[in-house]
Amino acid sequence: MNRSTLLLSALLLAGCSSAAQGAPNTAIATQSGPDHPAAFHDAPPASDPVLDGAPPIVPAVAPSAVARAPEPVAPPVVQKVQARFSCDIDIDRTSSGIRVTPVVRAHKTLSGEYSLVITKSGAGGSSDISQGGPFDAAHGERVRLSTSEFSMERGAKFRAVLKVRAGGREVCRDIVS
Amino acid sequence: MLNARLKLASLAMIAMVGAGAAEAQGRYDRYGYHAPKAAAVDVQQSGRGNGAAVSQDGPRNAAAIRQDGVANTGMINQTGAANDATIRQYGKNNDASISQVGDNNVACVVQVGRNLSAGVVQEGSGLSAGVVQTKKGSYAIPGRLCALDPANRGYWNRIGVKGY
C-alpha cells in the first residue's frame, strides 16, 4: 500500500514537474512568430511526451493571434483619408445650357490631381470634355477645380465623372448624369 | 439679298445666345494680354449633328467652341498652363482643330461657310495665332482679335476682311 502510494505520489510529482516545465513552452513564443527565435530553439522536441499531452491548444491560438494583428491597422487609414476629403460636381443651369463645376474640400492642406470627363449627346450634337491638372487645397478650403459650360437642348443627356488623386492614389470620385 | 438677311439674323441670334459665356477666356486690353485665371471649357452648339471635343491637361487653360449649323466638328487639345483657344464655326461640314502645348498661348479658328477645314498647332510659350476662313479665302489674324465675335457688327472690318 505504502509502495503503491509512494509510486503514485512519485508519478504525480513527475507529472507536475514536467507540466511545469512544459508551461513555458506553451507560451509558444516559438510558434507565435519569429520574434523569439531563441525560445523556438529552446523548445523541446515534439516527441516529448509531456508536450504532447500538455498544450495541444496553443498552436491553434498562435496563428489566430497573428491573423488578428493586421486587421486593426489597415481599415482606419482608408477611412481617415476618405473622411478628410470630399469632392463634388456642382451642376448649375444657365441661360444657354449647363455649367459643371468640380469642387474639392479638404479638412487639412492637401495637394493632388484631378480629372473630369464630361460626355454630352443630343440632337444639337455631341461634346466630349476632358479636364485635368494639379490642385492645392488649404485647410477647410473649398476649391473650384474648373468650369465647363455647354448647351443642353431638349432631350440631351450628359454624364460627368470626377476623379481626385492624392498621395499617389484615388481618394475621391463623383459621378453625375 | 434675303439669304444675306437671314444669315445676319442667325448670326445675331447666335451672338445673343453666346453673349457673356466667354468671360473665362483670356483677354487683351490696353495693358496687354491677361491669361485665363481658371480652367474653363465652354461648348455651345445649335443645329444638329455637331461634334465638339476638348482635352485639357494643366491649370488655367481656357477653351471655347461655338458651332451653329450642321455636322461641324471642333477639337481643342491643351497641355500646359494658361492656354487660350477658341473655335467658332457657322455653316455645314466644317472642321476645326487647335492644339496647344506649352504655356500662355492664344489661338482661334473662325469658319463661316461649308466644307471648310482649318487647324492651329502651337508648341512653345507665349504664341499667338488666329485663322479666319470663309468661302472667299483664309486669313491669318493676330491673337488679340480672337476674342471678337463674327456675329458682332464691324467684325469683318476689324479683321480687315470684306466679309463672308
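Predicted model: local features only at pLDDT ≥ 70, side-chain atom pairs only at ≥ 80, totals over all residues.
Two strands count as paired when DSSP finds at least two bridges between them. Strand β6 of chain A, residues 147–151, is joined to β3(B) by four bridges. The two strands run parallel. One bridge can be picked out by residue: A:Ser148 has B:Val41 in β3(B) as its partner.

Now widen the view to the whole contact between the chains. Chain B brings 26 residues to the contact, and chain A brings 21 residues. On the side of chain B that touches chain A, the elements giving two or more residues are β3 (40–48) and β4 (50–57). The largest share comes from β3(B), with nine residues. By class, this side of chain B has 12 nonpolar, 11 polar and three charged residues.

Next, turn to the backbone of chain B, at two loops. B:Asn93 sits in the loop between β7 (84–92) and β8 (95–103). The phi of B:Asn93 is positive, about 55°, although this residue is not a glycine. B:Asn93 counts as partly exposed because it has 16 C-beta neighbours inside 10 Å; the exposed class needs 12 or fewer.

B:Asn115 lies in the loop between β9 (106–114) and β10 (117–123) of chain B. Its phi is near 55°, again a positive value in a residue other than glycine. B:Asn115 has 12 C-beta neighbours inside 10 Å, so it counts as exposed.

Technical notes: Residues numbered from 1 in each chain as written. Chains lettered and ligands numbered in written order. Buried ≥ 20, exposed ≤ 12 C-beta atoms within 10 Å, placed from the backbone. Contact = placed C-beta atoms within 7 Å. Nonpolar A, V, L, I, M, F, W, Y, C, P; charged D, E, K, R; others polar.
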